[in-house]
Amino acid sequence: MSAESYDLVVVGGGTGGAFAAATAATEGLSVVILERKSEQDAGHIACGDAIKGKSTFPDVIDLEYLKDESFTNQQVTRAIFENPADGEDIEIEFSEPGAVLDRKRYGEVLLEEADRVGADIHYDTVVQDVTQADDGTVTGVTGKRKGSAVAYDAEVVIDAAGALSILQEKIDFGGTHFDTNVRYSQFCSAYREVIEVDEPVEWSDAIVFKPTKELGYLWYFPRTETEINAGLGFQMDQPEMQMIPVLKDDIENRTELINPRVRDKLGAALPTRRPYDSAVAAGYIAVGDAAGHVNPTTGGGIPGAAKSAHWATLRAIDAIESGDVSQEALWEYNREVMTDFGKHFAAIDCYNIWGTANEVQELTEMVSSVPGQHLADALAGTGTASMPLSLRLRTLVDTFGHWGKLFELAQVRSTAAKLSDHYARYPADPAGFPAWQAVRDEIMDDLYEIAGADPKY
Ligand SMILES: Cc1cc2nc3c(=O)[nH]c(=O)nc-3n(C[C@H](O)[C@H](O)[C@H](O)COP(=O)(O)OP(=O)(O)OC[C@H]3O[C@@H](n4cnc5c(N)ncnc54)[C@H](O)[C@@H]3O)c2cc1C
């Protein structure tokens, strides 16, 4: 069997894969997307469908077309956090409206656009293994298409195969800094249904969140006034949650959801952890879910996949042009990720670690004891509401019994800020990496001690 040859082989035709291929094709490289699904099914991916807006995406495809075809609700101006402990909602206004997508159509448009700008797309192609040169450089992939063996050679392979990518099981990462400290417990299991109801919901301009008993959360994201993406997830280091009955029960108990019918259902795992410490090896770059580029609290991973895929491809192009696709040559990609969203996600992960070390009841009681709007302002980072003295005194009384936890939370917050600053100093080359990692691990040890949590990594 002779291998097909491309400058760039992209494994996976999701958000990351489509943006990687579109970037490469726009820059004149030969590129192929290998997608295990059929052309008909491609784009059908488990998702809550909520994004910030089209500014989320690199400008390498027709973003107006993407918006017109797949953004079914562009009027999302607020988030509502329901608090089952006291029934009081907390609302956060957005500075710019977000959107909810028709995920299948969105995925189809991304692939249409990658094709239009010049990428090849091979559907029904399951990648099963990689090829590596004697010095460890990844040189291609092998797999199956409709029962027949296929092989591809590439200067660089982009791994956009999503959470728990098979490529990472197959590659020998010996002698590289690629992050192999990846465990199921750092992932979240999530499930969603698209439901249709008879009457418009009042909150069609909002995304709605509600904590579950199992320290996960339920969401309701309105695609339209009568079509809602409803789902939930839980961190896999917690006891297993029966997601389908919990969701069904919540839907049935909402009086505003009249005659709900399930139109589609899907579940998947997603990384709710810090980004991979390094996502590059010679001839290979991981992007999106395959590199942990997901907000570990909200589970939002579409922006991280789109941006990281774009940056990774630009870096791969430079490396290919210079004739050097080594770990060193691709390293700058790591720094771009870490000094952009990577540092925020690493910091947010501190709250996840703290949260999982606590009982959900105590957390919701604590939240209930703080005046809602002040908490909302604190979360939104607006800080507009200065608390009058009388309210401050009342809050002190109301929060009595939670002072220890509130103090702990303040310490977590300051550790998260320290961590973020450290990520902003991510090393410019692999030589500086071990020292950077050692300091980062010290900060994490402090966090585990403050939170009374088991090490996550
Ligand atoms: C239930 C749920 C709800 C979510 N809600 C949101 C949300 O509301 N907003 C948000 O921003 N993010 C959300 N996310 C996260 C978001 O969906 C992901 O972060 C994002 O899709 C990652 O994109 P990706 O391209 O890295 O991977 P994926 O979208 O997973 O794409 C990977 C592609 O690779 C293909 N593939 C995998 N293995 C192989 C193989 N061996 N050979 C060939 N092809 C392969 C797959 O078929 C798939 O098409 C949610 C995730 C889940 C599970």
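Which residue places a polar backbone atom 2.9 Å from a nitrogen atom of the ligand? In this predicted model, that residue is Gly 301, the pair falling within the limit for a polar contact, which is a pair of N or O atoms within 3.5 Å, where within protein one atom must be able to donate a hydrogen and the other to accept it, and residues adjacent in sequence count only if both atoms are side-chain atoms. Residues are numbered from 1 along each chain as its sequence is written, and because the model is predicted, local features need pLDDT of at least 70 and side-chain atom pairs count only at pLDDT 80 or more, whereas totals for chains, interfaces and linings use all residues. Side-chain values use heavy atoms, with hydrogens and water left out.

The surrounding shell holds 37 residues, and the closest are Gly 16, Glu 35, Gly 48, Ala 50 and Asp 289, a residue being counted as near if one of its heavy atoms lies within 4 Å of the molecule or strand in question. By residue class, the shell divides into 19 nonpolar, 12 polar and six charged residues (Ala, Val, Leu, Ile, Met, Phe, Trp, Tyr, Cys and Pro count as nonpolar, Asp, Glu, Lys and Arg as charged, and the others, Gly among them, as polar). At least two shell residues each are supplied by helix H1 (15-26), strand S7 (125-132), strand S12 (217-222), strand S14 (261-271) and helix H6 (302-322), where helices (H or I, at least four residues) and strands (E, at least two) are DSSP runs numbered from the N terminus.

The protein chain as a whole contains 13 helices and 16 strands. Its radius of gyration is 23 Å, close to the 23 Å that the globule rule gives for 457 residues, so the chain is as compact as a globular protein of that length (the radius is taken over C-alpha atoms, and the rule is 2.2 Å times the number of residues to the power 0.38). Along the principal axes, the C-alpha atoms fill a box of roughly 75 × 55 × 35 Å. Of the 457 residues, 52% are buried, where buried means under 20% relative accessible area, exposed over 50%, and partly exposed in between (1.4 Å probe, protein chains only). Among contacts with a separation of 6 or more, 72% join residues 24 or more positions apart, contact meaning heavy atoms within 4.5 Å. The chain exposes about 20000 Å², and carbon and sulfur atoms supply 49% of this area.

Most residues other than glycine have a negative phi. Leu 164 likewise has a positive phi, of about 55°, but this residue, located in the loop between strand S9 (148-159) and helix H4 (166-170), counts as partly exposed at 36% relative accessibility.

Individual positions in the elements that contribute to the shell were also examined. Thr 23, in helix H1, counts as buried at 1% relative accessibility and, neighbours up to four places away in sequence not counted, touches Val 60, His 310, Thr 313, Leu 314 and Ile 317. Asp 129, in strand S7, counts as partly exposed at 31% relative accessibility, and with the same exclusion of residues up to four places away it touches Val 141, Thr 142 and Lys 170.

Thr 272, in the loop between S14 and strand S15 (280-281), counts as buried at 4% relative accessibility, and its side chain makes a polar contact of 2.7 Å with the side chain of Gln 235. Asn 334, found in helix H8 (residues 332-356), is likewise buried, at 3% relative accessibility. Leaving aside neighbours within four places in sequence, Asn 334 is in contact with Asp 277, Ser 278, Ala 279, Val 280 and Tyr 426, and its C-alpha atom is separated by 8.8 Å from that of Ala 428, 94 residues apart along the chain.

Note on methods
Accessible areas come from the Shrake-Rupley method with a 1.4 Å probe; for residues, only the protein chains shown count as cover.
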